[in-house]
Amino acid sequence: MALLAFNMGQERIIMAVEIKSKTAVVSKAPYELYMAFSDMRNFVNMLPEDKKQDVTADYDSIHATVQGFNIGVRVSSRTPYSKIEFEDDGAPFRFTVALHFDASSENPYKTDFSIEVDAELNFMMKMVLGSKIKDALDKAVDSLAAISEGRMPEGMDPSMFPNGFDPTNNPSRS
């Protein structure tokens, strides 16, 4: 779907883009994941120390400066233990993100986890970012599944994690 927008008398085409990640089974119950993701301050706690100075967060929002761009995300809705929706809050383009936490049909103490992004991108941004966003979403889903099973996510450097965090030493694995 293409939306038409006007900018200083010139036409520019904005495309509504929907990107869905893969679904992976995470070895945590839906309520555990929901609670971890529902408070935006938890995202800051997972950042390396050298990245925290450019990030501020409260329960409902997080704001950061990334490569000179100010970007913010705000929780727009919470469906307890099932879904959290976020929306842009001062980003260079409009977007929403939905995190889905569905109880696994095989084990109610595990979660079928996926991420969905809807964004309004101009043609150039869609061409440059479209597949990179999909790859990043899939990597995030795979990484969460790996950590929940006590495995180091593929391609991750252990020094990226906060001091004392070791996903390979997870006593709550099931």
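Predicted model: local features only at pLDDT ≥ 70, side-chain atom pairs only at ≥ 80, totals over all residues.
Residues are numbered from 1 along each chain as its sequence is written, and side-chain values use heavy atoms, with hydrogens and water left out. Local features need pLDDT of at least 70, side-chain atom pairs count only at pLDDT 80 or more, and totals for chains, interfaces and linings use all residues.

Helices (H or I, at least four residues) and strands (E, at least two) are DSSP runs, numbered from the N terminus. Strands count as paired if DSSP finds at least two bridges between them. Strand S5 (residues 61-66) runs antiparallel to strand S6 (residues 69-79), joined by 6 bridges. Val66 stands opposite Phe69 of S6. The hairpin of S5 and S6 has 2 residues between the strands, and Gln67 there takes a positive phi near 50 degrees.

S6 also pairs with strand S7 (residues 83-88), again antiparallel, over 6 bridges. Here Arg74 faces Glu87 of S7. In this second hairpin, 3 residues lie between the strands, and Tyr81 has a positive phi near 65 degrees.

Helix H4 (residues 123-148) has 26 residues. Its first and last C-alpha atoms lie 37 Å apart, close to the 38 Å expected at 1.5 Å a residue (1.5 Å times one less than the number of residues). At the N-terminal end, Asn122 caps H4, with a side-chain oxygen 3.1 Å from the backbone nitrogen of Met124. A kink of about 45 degrees is centred on Leu129 (the angle between axes fitted to the seven residues ending there and the seven starting there). Gly150 follows H4, with a positive phi near 80 degrees.

Notes
Polar contact = N/O pair within 3.5 Å; in protein donor to acceptor, adjacent residues only side chain to side chain.
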